[in-house]
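Thanks for coming, everyone. Please have a look at the screen.

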Amino acid sequence: MIRSIPLLVLLVCCVAGGEMARAAPAADFTLIDSYGEEHRLGDYRGRYVVLEWLNHDCPFVRKHYDSGNMQALQKRFTADGVIWLSVVSSAPGKQGNFPPQEMNHRTSAKGAAPTAVLRDESGAVGRAYGARTTPQMYLIDPAGELIYQGAIDDAPTTLQEDVPGATNYVVAALEASVAGNPVDPARTQPYGCSVKY
């Protein structure tokens, strides 16, 4: 289960003048996935990591899965060597918490392609990261720095037709970082259903 979770050092807001927030170290954690395998964030140092907070029963999440948007992102990113971890922080008995077999069925039925679906039933990892909604997205660079956190895009609706015209913040953050440019915005207001701690 969880070994240790240092408090997340939040992005530091800079002085007035519109400067971007600086990246901060991402909180390390160890979680078990839906197949019983252990994943430690620190083991992925040297690679980009996406953390996606997931609840398949949330209509904002369904927007991105029913449209195929989330699966397309997962396949695109992982093909480029990015680690994609879908984190389920729903507590036992709460919406979005399923037995491992059911979670695997849903992942397969939806054609999802994350590196792993991680079970955070205690909510410790979600709270360490300040995850408030599903979906909520985080991007960690190869140095282990949290370089983006917030919404998946700028269309805070449940409508699938809003996906194609939206600006995807996670894609923009990854492309900027890979090109050696600052991530801007590095933090946005997340939208979606509340995490069911």
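**A helix on the inside**

In α5, the buried residues are Y169, V170, V171, A173, L174, A176 and S177. Buried means under 20% relative accessible area, exposed means over 50%, and partly exposed is in between, using a 1.4 Å probe and protein chains only. Helices (H or I, at least four residues) and strands (E, at least two) are DSSP runs, numbered from the N terminus.

Before going on, some ground rules. This is a predicted model, so local features need pLDDT of at least 70 and side-chain atom pairs need 80 or more, while totals for chains, interfaces and linings use all residues. Residues are numbered from 1 along each chain as its sequence is written, and side-chain values use heavy atoms, with hydrogens and water left out.

Back to the helix. Why is α5 described as largely enclosed by the rest of the structure? Because seven of its ten residues, in the run 169–178, are buried.

What do those buried residues pack against? They meet β4 (49–53), α2 (69–79), β8 (137–140) and β9 (145–150). Contact here means heavy atoms within 4.5 Å.

Take S177 as an example. S177 sits in α5. Its relative accessible area is 17%, so S177 is buried. Beyond neighbours within four places in sequence, S177 contacts Y48, D141, I147 and V183.

Now the ends of the helix. At the N-terminal end, N168 is the cap. A side-chain oxygen of N168 lies 3.0 Å from the backbone nitrogen of V170. After α5 comes G180, with a positive phi near 85°.

**The cores**

Next, the nonpolar cores. A nonpolar core is a set of buried Ala, Val, Leu, Ile, Met, Phe, Trp, Tyr and Cys residues joined through side-chain atoms within 4.5 Å.

The largest one has 32 residues. V50, F77, L139 and Y148 have the most contacts inside it. Which elements each supply at least two residues of this core? They are α1 (59–66), α2, β5 (83–88), β8, β9 and α5. The top contributor is α5, with five residues.

Look at V50 up close. Not counting residues up to four places away in sequence, V50 touches F77, V82, I83, W84, L85, M137, Y138, L139 and V170.

**Charged pairs**

On to salt bridges. A salt bridge is a side-chain nitrogen of Lys or Arg within 4 Å of a carboxyl oxygen of Asp or Glu. How many are there by this rule? Six.

E175 pairs with R76, with the closest N and O atoms 2.8 Å apart. E175 lies in α5 and R76 in α2, so this pair ties together parts that are 99 residues apart in sequence. Both are partly exposed: E175 has a relative accessible area of 45%, and R76 has 39%.

Another joins R40 and D43, at 3.4 Å from N to O. R40 is partly exposed, at 32%, whereas D43 is exposed, at 56%.

Then there is E121 with R119, where the closest N and O atoms are 2.7 Å apart. E121 is partly exposed at 28%, and so is R119 at 24%. Separately, salt bridges with shared partners link D28, R40 and D43 into one network.

**Two loops**

The side chains of N97 and E121 make a polar contact of 3.1 Å. A polar contact is a pair of N or O atoms within 3.5 Å; within protein, one must be able to donate a hydrogen and the other to accept it, and residues adjacent in sequence count only if both atoms are side-chain atoms. N97 lies in the loop between β5 and α3 (100–109). Is N97 buried or exposed? Buried, at 19% relative accessibility.

The other loop runs between α1 and α2, and holds G68. G68 is partly exposed, at 27%. Its C-alpha atom is 8.6 Å from that of A112, 44 residues apart along the chain.

Last, confidence. pLDDT is the predictor's confidence in each residue, from 0 to 100. The chain's mean pLDDT is 91, and 89% of its residues reach 70 or more. Over residues 1–20, pLDDT stays under 50. Where pLDDT is low, the predicted coordinates should not be read in detail.
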